[in-house]
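Thanks for coming. I have one structure to take you through this morning, and I will keep to what can be computed from it. Please have a look at it first.

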Amino acid sequence: MARILRWGAGISGVILVGFGVWLFFSVGLDKSDKIASSAGLFVGVAGLAVSIYSVIIARRQAAVPPTAPSGGQPRIEASGEGSVAAQTIFGNVVTGDHNHLNTN
């Protein structure tokens, strides 16, 4: 997915640069500057709208407290070789194959 986004961004950048060069040579510097300023206004407003929407979504997700399973205690699970699941740990913990804790 990241590869597709990189390619899309690269292709979009090349298209925009090409459009800017064409615009500069076809209508001149003064008129192309005015067009670019107007386009920049709309891009800025769209970016502001997206950022406001993102803040609203983030606050909604932060406001919803995580639900604990019935029984009051969260359920902790681990699977696979060498997996460790712990709820409350006091003291030293060493995990992994052939690891040890030196207390000297």
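Let me start with a definition: a salt bridge here is a side-chain nitrogen of Lys or Arg within 4 Å of a carboxyl oxygen of Asp or Glu. With that rule, the structure holds 1 salt bridge.

Before the details, the ground rules. This is a predicted model, in which local features need pLDDT of at least 70 and side-chain atom pairs count only at pLDDT 80 or more, while totals for chains, interfaces and linings use all residues. Residues are numbered from 1 along each chain as its sequence is written, and side-chain values use heavy atoms, with hydrogens and water left out.

Now the overall layout. The protein chain has 2 helices and 0 strands; these are DSSP runs, H or I of at least four residues for helices and E of at least two for strands, numbered from the N terminus. Of its 104 residues, 2% count as buried. Buried means under 20% relative accessible area, exposed over 50%, and partly exposed in between, with a 1.4 Å probe and protein chains only. The chain exposes about 9500 Å², and carbon and sulfur atoms supply 63% of that; the areas come from the Shrake-Rupley method with a 1.4 Å probe.

Take helix α1, residues 2-27. Just after α1, Gly28 has a positive phi of about 100°.

Next, the aromatic rings. Rings of Phe, Tyr and Trp (its six-membered ring) pair if their centres lie within 6.5 Å; planes under 30 degrees apart are stacked, over 60 edge-to-face, and the rest tilted. There are 2 aromatic pairs in the structure. One of them joins Phe24 and Phe25, edge-to-face, at 5.1 Å centre to centre and 75° between the planes. Phe24 is partly exposed at 36% relative accessible area, whereas Phe25 is exposed at 65%.

On to helix α2, residues 29-63. Which residues form the salt bridge? The side chains of Asp30 and Lys34 do, at 3.5 Å, N to O. Both lie in α2, 4 residues apart, about one turn of the helix, and both are exposed.

Ser32 is also found in α2. Is Ser32 buried or exposed? Ser32 counts as buried because its relative accessibility is 9%. The side chain of Ser32 reaches the backbone oxygen of Leu29 at 3.0 Å. Leaving aside residues up to four places away in sequence, Ser32 touches Leu23, Phe24 and Val27, where contact means heavy atoms within 4.5 Å.

Last, Gly82, in the segment after α2. Gly82 is exposed, at 62% relative accessible area. Its C-alpha atom and that of Thr95, 13 residues apart along the chain, are separated by 7.5 Å.

Note on methods:
Polar contact = N/O pair within 3.5 Å; in protein donor to acceptor, adjacent residues only side chain to side chain.
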